[in-house]
Amino acid sequence: MNGREDKKSNDLFYTCSLIGYIARKTKNSPSYIVSLIGEKCISRIYDLADIYHSDNIDTVTEDIIDEYNIQNGTFDNVAECKYSIPTHWDIGKVYKRLILAVAKDSGDDIITSLINVYSSAIVDLIEDYNSSFYYDNPGTIFATFQNNCIPE
């Protein structure tokens with residue numbers, strides 16, 4: 001371990017933050033981005049995160065948008081936010097913690113756990129920046145995921 005957390009946890013943090021950044025840049029939900037780019041691309045981002053992290057995030061984002069022909073959508077939780085907007089790094093940390101807890105609990109690998117999290121209803125709760133859910137206790141967020149949360 002170099003630093004405060006192990007390398008692969010930091011790689012997951014970057015991967016989740018990049019997914020969020022791409023989603024914001026293209027006005028799509030992170031769930032849509034994950035389903036569009038798929039397991040192979042996500043694995044590549046995760047495996048090369050330490051290299052991508054050294055590059056400008058806008059360059060990496062534009063390359064992925066171009067490679068997967070990601071069109072602009074209508075999902076704009078940033079514009080809808082009435083309060084302080086969390087950064088893509090802030091939200092990346094929320095997803096990282098949740099994915100690590102899911103992987104530990106399920107025994108699945110990180111990529112499978114990432115896809116399971118981003119394919120679940122919890123994304124709607126995390127991405128609602130007008131609620132306080134995204135900065136709730138990581139244990140509460142994990143318990144909500146385990147109980148198959150369904151946003152109202």
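A polar contact is a pair of N or O atoms within 3.5 Å. In this predicted model, the backbone oxygen of Ile22 and a polar side-chain atom of Thr26 form such a pair, 2.8 Å apart. The side chain of Thr26 has another partner: a polar contact of 2.9 Å links it to the side chain of Asn28.

Thr26 belongs to helix α1. Its relative accessible area is 2%. The cut-off for buried is under 20%, so Thr26 counts as buried. Leaving aside residues up to four places away in sequence, Thr26 touches Ile33, Ile65, Ile70, Gln71, Asn72 and Gly73.

## Helix α1

Helix α1 covers residues 7-26, 20 residues in total. From first to last C-alpha it reaches 28 Å, close to the 28 Å expected at 1.5 Å a residue. Of its 20 residues, 15 are buried, so α1 is largely enclosed by the rest of the structure.

Both ends have features to note. After α1 comes Lys27, with a positive phi near 55 degrees.

## Helix α6

Helix α6 runs over residues 88-106. Its 19 residues should span 27 Å at 1.5 Å a residue. The end C-alpha atoms are 26 Å apart, which agrees. Gly107 follows α6 and has a positive phi, near 80 degrees.

The buried residues of α6 are His88, Ile91, Gly92, Val94, Tyr95, Lys96, Leu98, Ile99, Val102 and Ala103. These buried residues pack against several helices: α1, α2 (30-47), α4 (57-67), α7, α8 (122-126) and α9 (138-146).

## The α6 and α7 crossing

Two packed helices are described by the angle between their axes and the distance between the axes. For α6 and α7 (residues 110-118), the axes come within 9 Å and cross at roughly 115 degrees. The crossing is right-handed.

Which residues make the contact? From α6 come Tyr95, Leu98, Ile99, Leu100, Val102, Ala103 and Ser106. From α7 come Ile110, Ser113, Leu114, Val117 and Tyr118. By class, the contact holds ten nonpolar residues, two polar and no charged.

Note on methods: Residues numbered from 1 in each chain as written. Predicted model: local features only at pLDDT ≥ 70, side-chain atom pairs only at ≥ 80, totals over all residues. Heavy atoms only, no water. Axes fitted to C-alpha atoms, helices over the stretch in contact; angles between N-to-C directions. Helix = DSSP H or I, 4+ residues; strand = E, 2+ residues; numbered from the N terminus. Left-handed = near helix turned anticlockwise from the far one by under 90°. Contact = heavy atoms within 4.5 Å. Nonpolar A, V, L, I, M, F, W, Y, C, P; charged D, E, K, R; others polar. Expected span 1.5 Å × (residues − 1). Buried < 20%, exposed > 50% of the residue type's maximum accessible area, 1.4 Å probe, protein only. Polar contact = N/O pair within 3.5 Å; in protein donor to acceptor, adjacent residues only side chain to side chain.
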